[in-house]
Amino acid sequence: MAPGKGDRFLPRIGVLMGDPNGVGPELAAKLLKLPEVYERARIVVVAPSSVWESGQRIAGASIDALRVDGIDKLAFAPGRPSLLSLPVVEADSGAIGQATRGAGAAVLRQLTFVADALAAGHIEGVVFAPLNKQAMRMAGLTQEDELEYVAEHLGVRDPVCELNMLDGLWTSRVTSHVPLRRVADLVTVDAVCTGAYVIEKALRMSGVGRPKIAVCARNAHAGDGGPMGREEMYVIAPGLASLQGGGRDARGPFPSDTAFF
């Protein structure tokens with residue numbers, strides 16, 4: 001849809017520029033330079049002014065943004081992003097490429113802000129450039145990741161999970177941002193079922209009438225019948241039986257290399 005009369009029907013998307021000391025501001029600036037972005041959404045960038053300017057400078061881009069005074073005073077112009085400059089902690093001077101508490105605090109503040117804006121109906125979605133969880137933990141993050149942080153802030157009780165999508169293939173996870181040594185203890189029947197429920201719900205909401213779910217093994221070669229691990233027999237297989245008993249088309253466990261073929 002070309003900019004024009006239909007603009008008011010486009011979704012309002014909040015864009016965060018990611019960790020101010022990382023690649024996020026550059027990537028966001030390059031994205032927002034593309035004309036086709038504004039054919040699909042009305043964009044409001046939520047970022048400190050210094051990060052907005054830094055991203056353009058590094059990317060070699062000059063973007064004419066419409067400045068707005070508050071999330072409840074959103075205005076949009078065809079082919080341009082709107083810019084809402086939050087009074088947040090700025091990136092530490094000369095700290096590009098480093099994880100710092102100041103950068104993490106800025107990211108957490110922005111995530112909280114856009115989550116509240118989404119809950120209040122001011123925007124319909126959020127896109128963010130790469131974050132740095134080390135910096136966020138330095139600033140006080142105690143959850144596994146930003147999704148858990150936002151879910152807790154909004155009081156969400158349902159399971160949340162990151163989905164990765166490539167064409168017709170969607171993936172979700174049984175475990176996420178945890179040390180590898182903890183993974184075996186976290187692969188439980190309930191966790192396997194929850195991972196499948198999350199991706200099935202997302203697929204159905206996206207118009208897939210009967211999702212086909214392949215459940216990957218935890219161990220190489222799916223455990224080789226036990227010598228390389230028994231989670232496939234004693235954890236994943238019962239989870240699959242529960243899913244199938246509930247009418248879901250779930251199969252496995254497949255070794256990951258064969259599942260993706």
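Reader: What are the ground rules?

Author: Residues are numbered from 1 along each chain as its sequence is written, and side-chain values use heavy atoms, with hydrogens and water left out. In this predicted model, local features need pLDDT of at least 70 and side-chain atom pairs count only at pLDDT 80 or more, while totals for chains, interfaces and linings use all residues.

Reader: How many helices and strands does the protein have, and what makes a run count as one?

Author: The protein has 9 helices and 9 strands. Helices (H or I, at least four residues) and strands (E, at least two) are DSSP runs, numbered from the N terminus.

Reader: What makes the pairing of N21 with Q98 a polar contact?

Author: A polar atom of the N21 side chain lies 3.3 Å from the backbone oxygen of Q98. A polar contact is a pair of N or O atoms within 3.5 Å; within protein, one must be able to donate a hydrogen and the other to accept it, and residues adjacent in sequence count only if both atoms are side-chain atoms.

Reader: How are helix 1 and helix 2 arranged, and how do you know?

Author: Helix 1 (residues 24-32) and helix 2 (residues 49-59) pack at about 75°, with axes 7 Å apart. Axes are lines fitted to C-alpha atoms, for helices over the stretch in contact, and angles run from 0 to 180 degrees between N-to-C directions. Under 35 degrees counts as roughly parallel, over 145 as roughly antiparallel, 65 to 115 as roughly perpendicular, and the rest as oblique. Helix 1 and helix 2 are therefore roughly perpendicular.

Reader: Which residues make that contact?

Author: Helix 1 gives P25, E26, A29, K30 and L32; helix 2 gives V51, W52, G55, Q56, I58 and A59. Contact means heavy atoms within 4.5 Å. The contact residues divide into 7 nonpolar, 2 polar and 2 charged. Here Ala, Val, Leu, Ile, Met, Phe, Trp, Tyr, Cys and Pro count as nonpolar, Asp, Glu, Lys and Arg as charged, and the others, Gly among them, as polar.

Reader: What about helix 7 and helix 8?

Author: Helix 7 (residues 189-205) and helix 8 (residues 231-245) pack at about 50°, with axes 8 Å apart. That makes helix 7 oblique to helix 8. Their contact residues divide into 9 nonpolar, 2 polar and no charged.

Reader: What caps helix 5 at its N-terminal end?

Author: D145 does: a side-chain oxygen lies 3.1 Å from the backbone nitrogen of L147. The buried residues of helix 5 (residues 146-154) are E146, Y149 and A151. G155 follows helix 5, with a positive phi near 75°.

Reader: What is the phi of D167, and is D167 buried or exposed?

Author: Phi of D167 is positive, about 55°, although D167 is not a glycine. D167 has a relative accessible area of 75%, so D167 is exposed.

Reader: How do you know whether the G252 to P253 peptide bond is cis or trans?

Author: Omega is near -5°, and the bond is cis. P253 is in strand 9 (residues 249-254).

Terms used
Buried means under 20% relative accessible area, exposed over 50%, partly exposed in between (1.4 Å probe, protein chains only).
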